[in-house]
Amino acid sequence: HYYDNFWDVEHYNGYVYAVGETNYDPLIVKFNSSNVEDIVWEVRLKDNSYRDRAVRFKGIGIDQSGYIYAVGHAIYGGYYDGLIVKFDTNGNIIWQEKIGGRKDDYLEGVAVAGNYIYAVGRERSDTGGNNFDAFIVKVDKNNGNIIWQKRIGTIASDGFYDVYVYDDEIYAVGYAYNGYDALIAKFDSNGNVKWYKAWNDRDNH
């Protein structure tokens, strides 16, 4: 079976960039925003080790110079690791970085701010069990070097879906307690947790 999905989209300078998956490969496509039939280019990351295991891009961000940052996950050594890839406007890969450890790790969303990108998702390489923790990673956008990683976890599985940066404040949202609660957290630019809350509508009735 072939699976084709777009998961996220960004607009820059008259073009639309969509990221997702095609036949288990991470995919990014550049369209002319005035004519969707005008596909400027497409790039898929292909590797036979991916077969029958879902690998994909889930989030995209674009900086002020037009460089594109796609995040998702791929197979490395039998486990999923988070994946960050930087492209130029012609679809050339500038660098790629894997984020992960001994078990499965996934990236879901990304934000670009200044010289850094912030990617969020879920990981269980460091939990010591099968539950996931929500995690965030700060990366130098020029070379892909990891500046810091932080995680937040409860007694169940947790994860971040998206991230937003305002000045030096980073806000990440997702789920806690296996999805029974919504999760929101605030970090400073050094990765310190300023606050976080697991929210549910049950508490308000």
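Mentor: One term before we start: a salt bridge is a side-chain nitrogen of Lys or Arg within 4 Å of a carboxyl oxygen of Asp or Glu. Also, this is a predicted model.
Trainee: Which residues are linked in a network of salt bridges?
Mentor: Lys58, Glu108 and Arg122.
Trainee: What is the N to O distance between Glu108 and Arg122?
Mentor: It is 2.6 Å, and their side chains form a salt bridge. Glu108 sits in strand β9 and Arg122 in strand β10, so the pair ties together parts 14 residues apart in sequence.
Trainee: Is Glu108 buried or exposed?
Mentor: Glu108 is buried, at 9% relative accessible area. Arg122 is buried too, at 18%. The cut-off for buried is under 20%.
Trainee: How many salt bridges are there?
Mentor: The count is 10. One of them joins Asp63 and Lys141, at 3.3 Å from N to O. Asp63 is in the loop between β5 and β6, Lys141 in the loop between β11 and β12, and they are 78 residues apart. Both residues are buried.
Trainee: What about Glu123, which residue does Glu123 form a salt bridge with?
Mentor: Arg151, with the closest N and O atoms 3.8 Å apart. Glu123 counts as buried at 4% relative accessibility, while Arg151 is partly exposed at 43%.
Trainee: New topic. What order do the strands of the open sheet take?
Mentor: Four strands run β13-β14-β15-β16, with antiparallel pairing. The edge strands are β13 and β16.
Trainee: And how many bridges pair β14 with β15?
Mentor: Eight. Among the bridge partners, Tyr171 goes with Lys186 in β15.

Note on methods. Residues numbered from 1 in each chain as written. Predicted model: local features only at pLDDT ≥ 70, side-chain atom pairs only at ≥ 80, totals over all residues. Heavy atoms only, no water. Pairing = 2+ DSSP bridges. Helix = DSSP H or I, 4+ residues; strand = E, 2+ residues; numbered from the N terminus. Buried < 20%, exposed > 50% of the residue type's maximum accessible area, 1.4 Å probe, protein only.
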